[in-house]
Amino acid sequence: MKLNSTQVERALSQFQAEAIPEDHPVIPQLNNLFGEHTFFLDRSGLNIVEPAEGGRAGAQGQAAKVVNLATWSDDNPTRLEPHEPELTDVVVVLGAKH
């Protein structure tokens, strides 16, 4: 799921991570591996968000689940090891869907 700048800010206010900027040189490689998404790095690794509950919007707005795509290979986060996408327990509210 590709997020706009407002959605990125909302997501980051709800879970501790850092968004990888769209103009970062690694983005084309990540898009080739995982598809078009907004990518986030946190202490567990590389993440994206996907619509929760079929993408239905609740009273607060569109909810999305954080999905982990790759974990750090060691305690010193310098290399990521991709794996099958794993849903996390983190749900973020992105706001109204337009």
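**Note on aromatic pairs and the sheet**

1. The structure holds two aromatic pairs. The model is a predicted one.

2. Take Phe 15 and Phe 40. Their ring centres lie 5.4 Å apart, with the planes at 65°. Planes over 60 degrees apart count as edge-to-face, so that is the class of this pair. The two residues come from distant parts of the chain, 25 residues apart. Phe 15 sits in the loop between helix 1 (5-12) and strand 1 (18-19). Phe 40 belongs to strand 2 (residues 40-42). Are these two residues buried or exposed? Both Phe 15 and Phe 40 are buried.

3. The other pair is Phe 34 with Phe 39. Here the centres are 6.4 Å apart and the planes stand at 55°, so the pair is tilted. Phe 39 is buried, and its relative accessible area is 0%.

4. Five strands make up an open sheet, ordered 1-2-3-4-5, and they pair in the antiparallel sense. Which strands stand at the edges? Strand 1 and strand 5 (80-95) do. Each has a single partner strand, so one side of each has no neighbour in the sheet.

5. On its paired side, strand 5 meets strand 4 (residues 62-72). Nine bridges join these two strands, in the antiparallel sense. Within this part of the model, Ala 70 stands opposite Pro 82 of strand 5.

6. Helix 1 is placed across strand 1, strand 2, strand 4 and strand 5. Relative to strand 5, helix 1 runs at about 95°.

Note on methods: Residues numbered from 1 in each chain as written. Predicted model: local features only at pLDDT ≥ 70, side-chain atom pairs only at ≥ 80, totals over all residues. Heavy atoms only, no water. Phe/Tyr/Trp six-rings, centres within 6.5 Å; stacked < 30°, edge-to-face > 60°. Helix = DSSP H or I, 4+ residues; strand = E, 2+ residues; numbered from the N terminus. Buried < 20%, exposed > 50% of the residue type's maximum accessible area, 1.4 Å probe, protein only. Pairing = 2+ DSSP bridges. Contact = heavy atoms within 4.5 Å. Axes fitted to C-alpha atoms, helices over the stretch in contact; angles between N-to-C directions.
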